[in-house]
Amino acid sequence: MKKPARKSFLVFGKPFIGKEEIAEVAGTLKSGWWGTGPKTELFEKNFASYVGVKYALGVNSATAGLHLALKALGVGPGDEVITTPLTFVSTVNVILHCGVTPVFADINRETWNIDPKEIEKKITNKTKVILPVHLHGRPCDMDSIMQIAKSHKLYVVEDAAHAAEAVYKGKKIGSIGDITVFSFYVTKNIATGEGGMVTTNNKKLAQAMRVMSLHGLSQDAYKRYSVRYYRHYEAVTPGFKYNLTDIASSIGIHQLARVESNWEVRRKHWDTYMRALSGVPELILPAPEDPHAKHARHLFAILLRFDKLRISRDDFIDQLIKMNIGSGVHFNPVHLHEYYRRTLGYKKGMFPNAEFIGERTVSLPLGANLTEKDIYDVINAVRRLIETYRI
């Protein structure tokens with residue numbers, strides 16, 4: 001076992017919280033309005049402005065947002081949704097929750113994002129939605145995806161859980177597809193503990209998702225209970241309990257306000273990783289940034305070259321943890337998870353590019369609250385492991 005690279009454990013994905021969030025939450029608690037109310041309305045307004053869209057809907061998770069998006073588009077039994085196998089399981093779970101069979105299209109091995117050429121191969125007369133994932137914050141090839149969707153009359157729902165700051169050819173991610181969904185989970189660049197945001201420029205879709213997000217009621221709780229006279233409400237559809245609270249939004253308002261300055265810090269850390277590890281032949285580093293896009297730099301992942309190392313990926317991560325360096329895997333391909341193998345018949349070898357990345361990927365700490373010393377502690381730990389286990 002390697003000696004620790006540092007005295008204290010470096011937590012992977014620790015959120016950046018300032019005094020502004022704490023004061024805002026305290027004010028919200030004292031106000032007595034904890035549910036969906038004025039703070040959520042402000043957060044939605046600010047986020048819509050940041051992304052450059054007409055409508056933004058706060059939800060209690062990105063998973064909830066993806067489910068709402070597919071339901072609003074009428075996705076149901078008999079339809080097919082095409083997505084990437086290299087994502088978190090929630091992306092695919094929501095497809096199943098709509099009573100639909102997910103269809104996987106393999107990734108591009110350089111960018112790690114869904115390959116438009118593979119999407120084309122998977123389109124049938126049952127296909128209704130393309131669901132690309134901007135993995136680790138790198139924008140997908142949206143020109144190609146939108147062209148495919150247009151030519152086949154399909155909808156595009158973007159999973160932008162990693163991509164709050166991302167830009168593609170001058171357009172913010174969140175303003176390109178029919179609907180885009182963001183995550184505010186505790187590890188994300190904008191974190192509210194739990195939460196998410198759905199963006200769209202389509203008024204009809206925005207209204208449908210808002211109604212479904214709170215039990216399918218004709219008026220949300222904030223409007224029901226803050227008016228000067230009583231109004232009846234009706235359930236116009238069997239909706240869900242997916243709304244975002246004002247407590248979470250109180251955090252999100254200030255997380256959003258500093259998102260770009262935090263991005264600059266993460267960019268600096270990213271560049272430090274690239275410079276320090278670029279000469280290590282046992283590693284494959286992220287592809288260069290597309291000159292026409294802005295990478296959100298949510299996750300920095302390295303790939304291990306098994307032909308040059310005598311250690312498995314999981315053992316590599318275990319060794320990092322023992323050295324007080326937190327790390328993770330983003331992701332093991334969904335089609336190889338037990339449920340999907342057992343129920344849908346997926347097998348190893350079906351999506352070789354996604355499997356190649358999934359077997360080798362190691363995510364390293366990357367956050368605006370990390371210091372330069374933290375980053376070099378990680379670099380030194382990785383180098384020590386490479387030196388120990390190189391062939």
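1. A residue is termed buried when its relative accessible area is under 20%, and exposed when that area is over 50%, with partly exposed in between. The model under review is predicted. Tyrosine 242, at 18% relative accessibility, is therefore classed as buried.

2. There are 13 aromatic pairs in the structure. In one of them, phenylalanine 240 and tyrosine 242 are stacked, with 4.9 Å centre to centre and 10° between the planes. Tyrosine 339 and tyrosine 340 form an edge-to-face pair, at 5.4 Å centre to centre and 85° between the planes. Of these two residues, tyrosine 339 is partly exposed at 41% relative accessible area, whereas tyrosine 340 is buried at 2%.

3. One aromatic cluster is formed by Phe43, Phe47, Tyr50, Phe182 and Phe184.

4. Two charged side chains sit over tryptophan rings. The charged end of lysine 294 lies over the ring of tryptophan 263, 4.3 Å from its centre; that of arginine 297 lies over the ring of tryptophan 270, 5.3 Å from its centre.

5. Three cavities of 30 Å³ or more are present.

6. Alanine 161 belongs to the loop between strand 5 (155-159) and strand 6 (167-168). With a relative accessible area of 17%, alanine 161 is buried. Beyond residues up to four places away in sequence, alanine 161 touches Val181, Phe182, Ser183 and Lys188. The C-alpha atoms of alanine 161 and histidine 136 are 8.7 Å apart, although 25 residues separate them along the chain.

Conventions. Residues are numbered from 1 along each chain as its sequence is written. This is a predicted model: local features need pLDDT of at least 70, side-chain atom pairs count only at pLDDT 80 or more; totals for chains, interfaces and linings use all residues. Side-chain values use heavy atoms; hydrogens and water are left out. On a 1 Å grid over the protein atoms alone, a cavity is a set of points where a 1.4 Å probe fits but cannot get out, and a pocket is an open set with protein on both sides within 12 Å along at least five of seven lines; lining residues have an atom within 4 Å of a point. Grid points are joined across faces, edges and corners, and a volume is the space filled by probe spheres set on the points. Helices (H or I, at least four residues) and strands (E, at least two) are DSSP runs, numbered from the N terminus. Buried means under 20% relative accessible area, exposed over 50%, partly exposed in between (1.4 Å probe, protein chains only). Contact means heavy atoms within 4.5 Å. Rings of Phe, Tyr and Trp (its six-membered ring) pair if their centres lie within 6.5 Å; planes under 30 degrees apart count as stacked, over 60 as edge-to-face and the rest as tilted. A charge sits over a ring if NZ of Lys or CZ of Arg is within 6 Å of the ring centre and within 35 degrees of the ring normal.
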